[in-house]
Amino acid sequence: MRRFIPTILLLILLVITIMIGKKAQDIRENTNMSETKMFGENPIIKTIYTADPAPMVYGDTLYLYTTHDEDELVNDFYTMNDWRCFSTKDMVNWEDHGAIFSLDDIAWADSRAWAPQAVERNGKFYLYCPVHKINGGMAIAVGISDSPTGPFKDLGYPLVDEGDWNDIDPTVFIDDDGQAYLYFGNPELRYVLLNEDMITYNQEVGIVKVPMTEEAFAKGSHDTGTSYGEGPWFYKRNDLYYMVYAAFAVGKQNEHLAYSTSTSPTGPWKYGGVLMTEEGGVFTNHPGIADFKGHSYLFYHTGDLPGGSLFHRSVCVAEFTYNEDGTIDTIEKCKGIEKATF
């Protein structure tokens, strides 16, 4: 019987080799499937509740800054304590960078880590965030970092603090001539001219209140009598300036998205139309627009994750195109988008 032992051992080794080879092939196939994934489903982030998407393209990467709706509510209201960052190189595969700034980092604030936006200038990254000031109203904080993924360090005091509730939802844009603008506001739209340091603004010009007219923002049911509600998103394309915002139509209780345009960064603004309807959404919405690898994207939020609600939202994205005259047709909420390629 001893002479058969080597044969048995050889058979065992052969079986093991075949099994190892098959396992290696499975791993390669799974890896290839991951690498060739061509469609990204909405919502983008499925592990936590996120809202108020703010995209920033830097290099070959799109960074997405969001707010974070906590699972457990305090006083049955928006419970939001930090800001998150996610990044992608193809709009399908996303990397989670975790919490990059929080209320714990801002000694003078105590709640309401609301809709942010980030921008890069001179090698520094600035994250503008609305928060509730201790013993005060809403104010705009600034986090500063050497990296787009943080961590961000608080400026130490509010950049904008009018002592009222209008100082929310900052949107920042640096024009071709180097002048930076920070728009913000609910129920009014206001702006300041940021200095080159990005942490102070032109005090002589001060805080400018934009005329809230129906010509600029259409008739609506918000406090100013126009459709403008909150969540402005300011950018420029082909010498045309866009102001996209969350809006309330006449007789509607939930926000839709709308836009206005101007040939000047400070207006006057002209109403452009509905960008995304309120159907299929929640009480709030928040636009973020970016061009990335030859494609145009609208980021928004819904309540589509399990357990979703007006206090538990989820960030989504839709691809869209501009008309030749710069106008934008209404964009449908969608299941997801294709992988971005040049």
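The model is predicted, so local features are given only at pLDDT of at least 70 and side-chain atom pairs only at pLDDT 80 or more, while totals for chains, interfaces and linings use all residues. Residues are numbered from 1 along each chain as its sequence is written, and side-chain values use heavy atoms, with hydrogens and water left out.

The protein chain contains 2 helices and 22 strands; these are DSSP runs numbered from the N terminus, helices being H or I of at least four residues and strands E of at least two. Of its 342 residues, 52% are buried, where buried means under 20% relative accessible area, exposed over 50% and partly exposed in between, with a 1.4 Å probe and protein chains only. Among contacts in the protein chain with a separation of 6 or more, 51% join residues 24 or more positions apart; a contact means heavy atoms within 4.5 Å. The accessible surface is about 16,200 Å², and carbon and sulfur atoms hold 53% of that surface. These areas come from the Shrake-Rupley method with a 1.4 Å probe, and for residues only the protein chains shown count as cover.

In soluble globular proteins, nonpolar side chains tend to be buried together. A nonpolar core is here a set of buried Ala, Val, Leu, Ile, Met, Phe, Trp, Tyr and Cys residues joined through side-chain atoms within 4.5 Å. The largest nonpolar core has 40 residues, and Tyr65, Trp83, Leu275, Ile289, Leu298 and Ile328 have the most contacts inside it. Apart from this core lies another of 18 residues, including Phe173, Leu189, Ala216 and Tyr228. Isoleucine 328, leaving aside residues up to four places away in sequence, touches Tyr235, Tyr242, Tyr259, Leu275, Phe320, Thr321, Tyr322 and Asn323.

Aromatic rings form the next topic. Rings of Phe, Tyr and Trp (its six-membered ring) pair if their centres lie within 6.5 Å, with planes under 30 degrees apart counted as stacked, over 60 as edge-to-face and the rest as tilted. By this rule there are 21 aromatic pairs. Phenylalanine 217 and tyrosine 245 make an edge-to-face pair, because their ring centres are 5.6 Å apart and their planes stand at 85°. The rings of tyrosine 235 and tyrosine 242, in contrast, have planes at 5° and centres 4.9 Å apart, so they are stacked. Tyrosine 235 counts as buried at 10% relative accessibility, and tyrosine 242 is buried at 0%. Ring pairs also join Phe173, Tyr181, Tyr183, Tyr191, Phe234, Tyr241 and Trp269 into a cluster. Arginine 237 lies over the face of tyrosine 322, 3.8 Å from the ring centre; the criterion is NZ of Lys or CZ of Arg within 6 Å of the ring centre and within 35 degrees of the ring normal.

Two individual strand residues can be followed in the same way. Serine 260 belongs to strand β17 (residues 256-262) and counts as buried because its relative accessibility is 0%. A polar atom of the serine 260 side chain lies 2.6 Å from the backbone oxygen of alanine 216. Beyond residues up to four places away in sequence, serine 260 touches Ala216, Phe217, Tyr241, Tyr242, Met243, Tyr245, Trp269, Lys270, Tyr271 and Gly272. Phenylalanine 125 sits in strand β8 (residues 124-133) and is buried, with a relative accessible area of 2%. The C-alpha atoms of phenylalanine 125 and methionine 198 are 9.6 Å apart, with 73 residues separating them along the chain.

Some backbone details lie in loops. The peptide bond from asparagine 42 to proline 43 is cis, with omega near -10°, and proline 43 is in the loop between β1 (39-41) and β2 (49-58). Another cis bond runs from glycine 150 to proline 151, with omega near 5°; proline 151 is in the loop between β9 (138-145) and β10 (153-154). Aspartate 76, not a glycine, has a positive phi near 50° and lies in the loop between β3 (61-69) and β4 (82-88), where aspartate 76 counts as exposed at 62% relative accessibility. Alanine 218 also has a positive phi, of about 70°, in the loop between α2 and β15 (228-237), but alanine 218 is buried, with a relative accessible area of 15%.

Methods. Polar contact = N/O pair within 3.5 Å; in protein donor to acceptor, adjacent residues only side chain to side chain.
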